[in-house]
Amino acid sequence: MHAWESIQKTVDYIENNIGEEIHLEKLAEVANLSYFYFHRLFAQLVKRPVQEYIKLRRLARAVESVKDKNKKILDIAVAFGFNSHETFTRAFKDAYGFTPTEYRDNPVGLNSFNKPDLLLGYVMVDEGVPLVSDGMVLEMNRRTLDEPIHFVGVRDFVRLDWYRPNGKVTGVDDPGATWARFHEIKHNIEGVPSGRELGVSYGGAPEGHFSYFAGKEASPESAHGDFIPWTLHSAKYVVCGFEADSFEDLVTNAIYKANTFIRVWMTKHNIAYYNSMSELYFPNKTDVNYMEIWYPINEESQEEK
């Protein structure tokens, strides 16, 4: 058994027992490792000490329950393995910047520490071959876009020190706020029938910020008022298409895992790429929760190699 497989077994065990008292000796036993080596290997592969990871996953799982005003904060705390209201409140504020009660009164999009799927860092697949991984299916392909795709939507400048990469650390999901603003007013855009939606982060922002755009497929002439155009240009791309069990999982846990995998995959295949990720959504698909991540290939760097 590979080392990552031993640690993945403990990650799965934690998830299945998130509300119970979890003994670290038991986790070492599940991994079939010594207590000392288990601690070191877990921190190395998961990028968090095991006790901190357990706390962050309990918080992530508790977030949806906190929104329910019919549930007592104390009951939620106990259900997710915290021994008191105070302990839960302190941990929640440390992670997200506000208390559970404050979040309940004013819910916003959050980044939470996702359950890792370590397989994605070690197993490679050929182009066009689906990989099934912990509730999601993904597929890698190189694709040439011959005609540009135009979008119209909204842009926000997000402070770099406010942004928290989804799945890695906790905090407020600022690009999620851009999506929320877009969804409230997108009916005012004359879009392409059955068109796609796109989210993308890029430069062109004041110092200390980056730009984040959310929009739908439409003619550039549809941009008016607060709306701006954005173009997915003709180029060669590496595209990771993936499915998940639900749309909520698609845009949180799955997108983090897919983005992690596509970067590893391109590195393993010696593909140079621009650090500009486009998220392409297919809102009119009713039979599956599916989206794609597009990275433009840096052909100049490829030639230099």
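I began with Phe151, whose bridge partner in S7 is Glu217. The two strands concerned, S4 (residues 149–159) and S7, run antiparallel and are joined by 9 bridges; I take helices (H or I, at least four residues) and strands (E, at least two) as DSSP runs, numbered from the N terminus, and two strands as paired if DSSP finds at least two bridges between them. The model is a predicted one, in which local features need pLDDT of at least 70 and side-chain atom pairs count only at pLDDT 80 or more, while totals for chains, interfaces and linings use all residues. Residues are numbered from 1 along each chain as its sequence is written, and side-chain values use heavy atoms, with hydrogens and water left out.

I then followed S7 to its other partner in my notes, strand S6 (residues 197–202), which runs antiparallel to S7 (residues 209–217) and is joined to it by 6 bridges. Within this pairing I noted Tyr212 in S7 as the bridge partner of Ser201, and Ser211 in S7 as the residue opposite Tyr202. The hairpin of S6 and S7 has 6 residues between the strands, and there Gly204 takes a positive phi near 70 degrees. S6 is also joined by 4 bridges to strand S10 (residues 278–281), again in an antiparallel run, and I recorded Tyr281 in S10 as the bridge partner of Glu197.

Next I looked up the cores, a nonpolar core being a set of buried Ala, Val, Leu, Ile, Met, Phe, Trp, Tyr and Cys residues joined through side-chain atoms within 4.5 Å. The largest has 75 residues, and those with the most contacts inside it are Ile7, Ile14, Phe42, Leu59, Phe88, Phe92 and Phe242. A second, separate core has 13 residues, including Leu232, Tyr237, Leu280 and Trp294. For Phe42 I listed contacts (heavy atoms within 4.5 Å), leaving out residues up to four places away in sequence, and found among them Ile7, Ile14, Lys47, Pro49 and Tyr53.

Lys47 is found in the loop between H3 and helix H4 (50–67), and I logged it as exposed because its relative accessibility is 59%. Its phi is positive, about 70 degrees, although Lys47 is not a glycine. Lys47 and Pro116 are 69 residues apart in sequence, and their C-alpha atoms are 9.9 Å apart in space.

Asn32, in the loop between helix H2 (24–31) and H3, also has a positive phi, near 60 degrees, in a residue other than glycine. Most residues other than glycine have a negative phi. With a relative accessible area of 68%, Asn32 is therefore exposed.

In the loop between helix H1 (3–16) and H2 I checked His23, which counts as partly exposed because its relative accessibility is 44%. His23 and Gln51 are 28 residues apart in sequence and 9.8 Å apart in space, C-alpha to C-alpha.

Is Thr99 buried or exposed? Its relative accessibility is 17%, so Thr99 counts as buried, although its place is in the loop between helix H6 (85–96) and helix H7 (100–105). Not counting residues up to four places away in sequence, Thr99 touches Thr89, Phe92 and Lys93.

My last item was the second largest pocket, with a volume of about 400 Å³. On a 1 Å grid over the protein atoms alone, a cavity is a set of points where a 1.4 Å probe fits but cannot get out, whereas a pocket is an open set with protein on both sides within 12 Å along at least five of seven lines, and lining residues have an atom within 4 Å of a point. Grid points are joined across faces, edges and corners, and a volume is the space filled by probe spheres set on the points. The lining of this pocket has 17 residues, of which Leu45, Lys47, Leu118, Tyr256 and Thr260 lie nearest its centre. Helix H3 (35–46) and helix H9 (247–268) are the elements that give two or more residues to the lining, and H9 gives the largest share, 4 residues.

Key: Buried < 20%, exposed > 50% of the residue type's maximum accessible area, 1.4 Å probe, protein only.
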